[in-house]
Amino acid sequence: MTGTGNSTGNRTGICAGRVAVVTGAGRGLGRAHALALAAEGAAVVVNDLGVAPDGAGASAGPAQQVADEIHAIGGRAVAHTGDITTTDGAASLITTALDAFGRLDALVNNAGFLRDRMLVNLDEDDWDAVIRVHLKGHFLPLRHAAAHWRAEAKAGRTPDARIINTGSGAGLLGSVGQGNYSAAKAGIIGLTLVAAAELAPYGVQINALAPAARTRMTERTFAATMAAPAAGEFDAMAPENVSPLVVWLASAGSAGVTGRVFEAEAGRITVMEGWRPGPTADKGTRWTPTEAGETTRGLLAAAEAPQPVYGAR
């Protein structure tokens with residue numbers, strides 16, 4: 001398979017000469033990332049299954065349309081419409097990059113959909129589907145990309161590779177009505193931290209991003225927040241606002257940055273600082289239940305209050 005389109009794209013951008021794979025790149029954030037990577041010189045594999053917002057159906061149209069947009073700006077791209085929640089689909093994603101462009105430098109895991117329900121109404125199928133597309137849909141492409149990069153490192157060609165995973169504020173704080181999605185996104189953060197440690201010896205850096213932007217997944221759930229601005233005003237929720245950080249993390253210029261979690265929205269970038277020890281008491285021997293309760297009350301009084309769960313009243 002060969003990449004099509006004009007190969008005279010940006011040869012001086014921060015990703016010039018690099019090859020990036022973006023999952024869920026047919027619309028929303030993934031599309032914005034793919035176009036931004038191409039604008040900075042990367043050749044891009046545009047993956048999208050073309051499903052509805054709840055994961056139903058499939059279409060090759062969205063992935064090909066974004067690849068065509070990249071060709072139109074003089075970049076290099078190829079569409080991939082395989083299901084990255086399957087071993088065969090994830091493996092073919094990596095093979096597509098290697099066959100089309102001869103190398104792989106960055107993987108942006110972004111694919112996902114929603115099936116929102118309050119927990120008492122959330123059935124097993126909706127739980128499994130969301131966990132599969134977000135969490136398994138991160139693990140399988142990561143695993144196949146990592147196997148390629150490990151082989152390269154062992155052959156004496158240590159890569160300068162990057163993985164950018166897509167978390168969410170829902171995974172950091174929780175989100176009412178999104179128990180399945182919040183659990184999946186929290187799992188992605190854990191996966192990111194482990195992968196960053198395990199793959200560092202092979203020249204792979206891995207970070208996670210919790211974006212806030214207007215997409216098919218957010219424009220109805222958070223309609224007021226995601227509303228488009230008046231003409232001429234800065235569009236704070238445009239997906240394109242998130243992509244510059246993704247592009248930089250995918251570039252060689254992000255050397256030394258790994259195992260980190262960022263929030264990005266509008267014009268704001270935040271380094272998230274996760275679980276770390278707070279107030280502690282040590283009796284030196286076993287507590288009684290009453291002592292444990294009284295001591296814990298005191299520790300909680302000295303601790304910072306947790307941030308509210310999204311959607312909590």
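In what sense do strand β6 and strand β7 pair, and over how many bridges? In this predicted model, local features require pLDDT of at least 70 and side-chain atom pairs count only at pLDDT 80 or more, while totals for chains, interfaces and linings use all residues. Residues are numbered from 1 along each chain as its sequence is written, and side-chain values use heavy atoms, with hydrogens and water left out. Strand β6 (residues 204-211) pairs with strand β7 (residues 261-265) in the parallel sense over 4 bridges; pairing requires at least two DSSP bridges between two strands. Strands are DSSP runs (E, at least two residues) and helices likewise (H or I, at least four), numbered from the N terminus. Within this pair, proline 211 stands opposite alanine 264 in β7.

The open sheet comprises 8 strands in the order β3-β2-β1-β4-β5-β6-β7-β8, with mixed pairing. Its edge strands, β3 (77-80) and β8 (268-271), each pair on one side only.

Strand β5 (161-166) is mostly covered, 6 of its 6 residues being buried (under 20% relative accessible area with a 1.4 Å probe, protein chains only; exposed is over 50%, partly exposed in between). Ala161, Ile163 and Asn165 point one way from β5, and Arg162, Ile164 and Thr166 the other way. Strand β4 (residues 106-109) pairs with β5 in the parallel sense over 4 bridges, and alanine 106 stands opposite arginine 162. Parallel strands β5 and β6 are joined by 6 bridges, with isoleucine 164 opposite asparagine 207.

Alanine 266, in the loop between β7 and β8, has a positive phi of about 50 degrees although it is not a glycine. Most residues other than glycine have a negative phi.

Note on methods
Contact means heavy atoms within 4.5 Å. Axes are lines fitted to C-alpha atoms, for helices over the stretch in contact, and angles run from 0 to 180 degrees between N-to-C directions.
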